Amino acid sequence: MARSVWKGPFVDAYVLKKAEKAREGTRNEVIKIWSRRSTILPQFVGLTFGVYNGKKHIPVNVTEDMIGQKFGEYSPTRTYYGHAADKKAKKK
Amino acid sequence: MSDRIVVGSLAGAFGVLGEVRLKSFCADPEAIADYVPLSTEDGRIFRQIVLTGQTAGSLVARIDGILTKEDADALKGLALYADRARLPALPDDEYYHADLIGLEVVDTGGASLGRVKAVLNHGAGDILEVLPPGASDTVLLPFTDAAVPTVDLAAGRIVADPPLGLFGDD
């Protein structure tokens, strides 16, 4: 069952605090979080979070199209490397 | 940067008419046919690959010089290499994973931070997995203009301005 709309999106309080602190500062840093269950909010856009996957913090650069999803969706707990072949990487 | 890159492998015969099952590692699986000639470790060269269909997890193809099921089965497990020069040119801000892997990463002061082990993408942008010298644990560096201002493929190095705390410097 979907979460009731009247409750608003769930975010762990410490994530909000850390994001707010990072917004105030001028330091370029990865905000380390363990809360995979927190919803990505509009005020997180532009920040880079390090989302814990049980082993390490995966950098997640938040963009507008990620709003409403959970941090955990961008930090897989299993790694598959595969072959490089003709795969491309693009700088953001 | 290596001259040859693995683009697929042969997975045995498909049917009894000499068709092969072909595993493609390309972003667009069918693009493997555009990179001919493909070579193998044992020196074979395949100059023509015609894709005829697909089956579970692989493509079905007809390859020049393979006429029977026995020929196709004998090639099972062979990796297929394409010449790096066959890959199309990319815009300035795009790079092939094969070109980035193995490059040395240095900070803005010129100190070595390690080498690129892999390029990952979990849906939130590309990430360089860097193995620092003498370390067993890798560091994940976002592949953004801010964190990676310069990629110099000719010199074989990447200049990085990593976010604080990433390489244990906070």
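Colleague: What distance separates the centres of domain 1 and domain 2 of chain B?

Modeller: The two centres, taken over C-alpha atoms, are separated by 32 Å. This is a predicted model, in which local features need pLDDT of at least 70 and side-chain atom pairs count only at pLDDT 80 or more, while totals for chains, interfaces and linings use all residues. Residues are numbered from 1 along each chain as its sequence is written, and chains are lettered from A and ligands numbered from 1 in the order in which they are written.

Colleague: Where do those domains lie in chain B?

Modeller: Domain 1 covers 4-86 and domain 2 covers 97-158; the bounds come from an automatic or database domain assignment.

Colleague: Turning to chain A, what is the strand order of the open sheet?

Modeller: The order is β1-β2-β3, with mixed pairing. Strands (E, at least two residues) and helices (H or I, at least four) are DSSP runs numbered from the N terminus, and two strands pair if DSSP finds at least two bridges between them. The edge strands, β1 (30-33) and β3 (57-61) of chain A, each pair on one side only.

Colleague: Do β1(A) and β2(A) run parallel or antiparallel?

Modeller: They run parallel, joined by four bridges, with β2 at residues 48-52 of chain A. Lys32(A) has Gly50(A) as its bridge partner in β2(A).

Colleague: How many residues of each chain are in contact?

Modeller: In chain B 36 residues are in contact with 27 residues of chain A; contact requires C-beta atoms, placed from the backbone, to lie within 7 Å. Elements giving two or more residues to the chain B side include β1 (4-14), α2 (97-100) and β10 (112-121) of chain B. That side has 26 nonpolar, six polar and four charged residues. Ala, Val, Leu, Ile, Met, Phe, Trp, Tyr, Cys and Pro count as nonpolar, Asp, Glu, Lys and Arg as charged, and the others, Gly among them, as polar.

Colleague: Which strand of chain A is joined to β8(B)?

Modeller: Strand β4 (residues 88-90) of chain A is joined to β8(B) by three bridges, and the two run antiparallel. Lys90(A) stands opposite Glu94(B) there.

Colleague: What is the phi of Ala85(A)?

Modeller: Phi is near 45°, a positive value in a residue other than glycine. Ala85(A) lies in the loop between β3 and β4 of chain A.

Colleague: Why does Ala85(A) count as buried?

Modeller: Ala85(A) counts as buried because it has 23 C-beta neighbours inside 10 Å. The cut-off for buried is 20 or more other C-beta atoms within 10 Å, with 12 or fewer for exposed and partly exposed in between, and C-beta atoms are placed from the backbone.

Definitions and conventions:
Two residues are in contact if their C-beta atoms, placed from the backbone, lie within 7 Å.
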